[in-house]
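Good morning, and thank you for making the time.

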Amino acid sequence: MSLMDTQKKDFFISYTGKDVQWATWIAGTLEKAGITTITQAWDFVPGSNFVDNMDDALLNCNNFIAVLSKAYLQSDYCKDEWTAAFTKKQARFIPVRIEEFNPEGLWAPKVYINLCDKDEQQAETVLLEGVSSNPPSRERPNYPGSKKGNAVPTPYPGLPPNNLPRRNTLFTGREEKLEQIHQTFETGDDAIALTQTITGLGGIGKTQIALEYAFRYAKNYESIWWINAENKETIIQDYTRFAHLKNIVPIDIYDSVIIIDKVRLWMSQHDSWLFIFDNAED
């Protein structure tokens, strides 16, 4: 069945293979808001003719989104896609920039949607404001490494792998405390795992300080993991999710002794990770 047989869609999403998670996140966010899309990852059938699919997709989409990165502009295939989009005169040609760089040439004057340095909630808002918003339809994809019944959190492409709670967009103040935490981690001995503790009575904002630190300095880390430390069981549950996400142990392993041992070994062999133990009593 050709894409020509489908109803006309709102957006064709063009991307390079390196940015497939960004492309499907963008597609999933738009489709969740009722905006229809065509993207290679979802709509091109394996074994079909790629050129025919691309031509059909451009003919059957009213608008064109380019997932804009350095790799995208260096890709000959992507160049063919966006030059064809110019030729077919899609109603709207929208670059969505996903990394910090200054496009040159024909791209320099284009007004783009910028997702750089934004958390997921902010990126959703910026993206939908840049296009349009309708009632929900299709869901965005789950994390590709998970298996049915053993789902793990889906990391937003602009952040390292994480399971952070939603950021508090109303957070203000505590700049001195955040800077103190940052400086302590930055100036510590790289040969050891540094630990900091935020203490005090309940309700003074300890959790929010830790959460804001994680988002604000996320680029400093390769992995960030939020641990519910209220009791031993919740700690083990969150260690297990982390071990499965990072493929430290097979997805069917749930033995707590093995998992804790393997996670600790992983910690000793890797740098630039952040574990946050929330509500720890001791």
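Let me begin with a convention: an axis here is a line fitted to C-alpha atoms, for helices over the stretch in contact, and angles run from 0 to 180 degrees between N-to-C directions. Helices (H or I, at least four residues) and strands (E, at least two) are DSSP runs, numbered from the N terminus.

What you see is a predicted model, in which local features need pLDDT of at least 70 and side-chain atom pairs count only at pLDDT 80 or more, while totals for chains, interfaces and linings use all residues. Residues are numbered from 1 along each chain as its sequence is written, and side-chain values use heavy atoms, with hydrogens and water left out.

First, the overall picture. The chain contains 10 helices and seven strands. Of its 282 residues, 40% count as buried, where buried means under 20% relative accessible area, exposed means over 50%, and partly exposed lies in between (1.4 Å probe, protein chains only). A contact means heavy atoms within 4.5 Å. Taking contacts between residues at least 6 apart in sequence, 68% join residues at least 24 apart.

How do H7 and H8 pack? Helix H7, residues 175-186, and helix H8, residues 206-216, meet at an angle of about 60°, and their axes are 10 Å apart. The two are therefore oblique to each other; under the scheme used, angles under 35 degrees are roughly parallel, over 145 roughly antiparallel, 65 to 115 roughly perpendicular, and the rest oblique. The crossing of H7 and H8 is right-handed. By convention, a crossing is left-handed if the near helix is turned anticlockwise from the far one by less than a right angle, and right-handed if clockwise.

On the H7 side, the contact is made by Glu175, Lys177, Leu178, Ile181, His182 and Phe185, and on the H8 side by Ile209, Glu212, Tyr213 and Arg216. By class, this contact of H7 with H8 has five nonpolar, one polar and four charged residues. For that count, Ala, Val, Leu, Ile, Met, Phe, Trp, Tyr, Cys and Pro are nonpolar, Asp, Glu, Lys and Arg are charged, and the others, Gly among them, are polar.

H8 also has a run of buried residues: Ile209, Ala210, Leu211, Glu212, Tyr213, Ala214 and Phe215. Their cover includes H7, strand E6 (223-228) and strand E7 (273-278).

The second pair is H9 and H10. The axes of helix H9, residues 232-245, and helix H10, residues 256-269, come within 10 Å and cross at roughly 60°. H9 and H10 are therefore oblique to each other, and H9 passes H10 in a left-handed crossing. Ile236, Tyr239, Thr240, Phe242 and Ala243 of H9 make the contact with Ser256, Ile259, Ile260, Val263, Trp266 and Met267 of H10. These residues divide into nine nonpolar, two polar and no charged.

Two loop residues deserve a remark on their backbone. Most residues other than glycine have a negative phi. Asparagine 247, in the loop between H9 and H10, has a positive phi, near 60°, and is exposed, with a relative accessible area of 63%. Serine 272 lies in the loop between H10 and E7; its phi is also positive, at about 60°, and at 32% relative accessibility serine 272 counts as partly exposed.

The axes of H1, residues 20-32, and helix H6, residues 120-130, come within 10 Å and cross at roughly 65°. That makes H1 roughly perpendicular to H6, and their crossing is right-handed. Trp25, Ile26, Thr29 and Leu30 in H1 meet Glu120, Ala123, Glu124, Leu127 and Leu128 in H6. The classes here are six nonpolar, one polar and two charged.

Which residues does alanine 23 touch, leaving aside those up to four places away in sequence? Alanine 23, itself part of H1, touches Ile13, Tyr15, Thr39 and Val67. Alanine 23 is buried, at 0% relative accessibility.

Finally, the cysteines. The structure holds zero disulfides, a disulfide being a pair of cysteine sulfur atoms within 2.5 Å. Cysteine 78 is buried at 2% relative accessibility, and cysteine 116 is buried at 7%. Thank you; I welcome your questions.
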